[in-house]
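Take a look at the fold below.

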Amino acid sequence: MLTLLVSFLIALPLSAQDVSGKWTWRPGTGYDDDILIHSMTFDFKKDGKIESHIIFTDDEQDWGTATISYYLTGTYKQNGKGLNIIFNFNTANFRVESFDFNNAFKQKSKDPQFINKITAEVLDEWADELKEEGDEDDSWKSTVILSHSPKKMVLVNSDKEQFEFVKD
């Protein structure tokens with residue numbers, strides 16, 4: 001899932017316009033049956049740093065779903081129509097925003113020990129997935145076609161899916 005999220009965002013061809021500022025994507029649909037992405041925000045700083053924030057819901061099937069925030073930083077460099085981004089996966093930070101328990105677990109959801117256990121399991125799962133992906137390729141580069149205006153960027157990933165980011 002993380003590979004798919006980042007794969008179309010790493011090397012973004014752009015027009016010569018400056019990309020600095022916050023850009024948000026709200027797709028309204030997920031990539032698979034278990035993940036629903038609510039939003040993805042990239043904040044391109046003037047000093048060449050980038051901060052990303054992704055909010056998604058993960059279907060845990062046994063007990064319900066967890067809504068998770070994922071923060072990541074890195075650097076970028078704009079070269080005319082190109083933008084190379086390298087994320088620093090050592091800065092990754094996952095946080096559980098909320099749980100939606102199914103009926104079988106509603107009563108347990110009032111127990112702080114149960115909440116702590118489930119939170120730890122969810123965070124460990126995502127930390128492990130990120131480590132796996134990072135071990136394969138820590139630069140995560142790809143090529144993306146993009147149209148760019150002052151208020152909108154349209155990205156097209158390698159599967160020809162389009163993603164529209166709007167400037168905040």
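Which residues of the largest nonpolar core touch the most other members? They are Phe44, Phe56, Tyr70 and Val122, out of 32 residues in this core. A nonpolar core here is a set of buried Ala, Val, Leu, Ile, Met, Phe, Trp, Tyr and Cys residues joined through side-chain atoms within 4.5 Å. Buried means under 20% relative accessible area, with a 1.4 Å probe and protein chains only. At least two residues of the core come from each of β1 (21-25), β2 (35-44), β3, β4 (64-79), β5 (82-101), α2 (112-136) and β8 (162-167). Strand β5 gives the most, with 6 residues. Helices (H or I, at least four residues) and strands (E, at least two) are DSSP runs, numbered from the N terminus.

This is a predicted model: local features need pLDDT of at least 70, side-chain atom pairs count only at pLDDT 80 or more, and totals for chains, interfaces and linings use all residues. Residues are numbered from 1 along each chain as its sequence is written, and side-chain values use heavy atoms, leaving out hydrogens and water.

Now the rings. The whole structure holds 12 aromatic pairs (ring centres of Phe, Tyr or Trp within 6.5 Å, using the six-membered ring of Trp; planes under 30 degrees apart are stacked, over 60 edge-to-face, the rest tilted). Phenylalanine 101 and phenylalanine 114 make a tilted pair, 5.6 Å centre to centre with 45° between the planes. Phenylalanine 101 sits in strand β5 and phenylalanine 114 in helix α2, so their pair ties together parts 13 residues apart in sequence. Both are buried.

Last, aspartate 58, in strand β3 (residues 49-59).

Technical notes. Buried means under 20% relative accessible area, exposed over 50%, partly exposed in between (1.4 Å probe, protein chains only).
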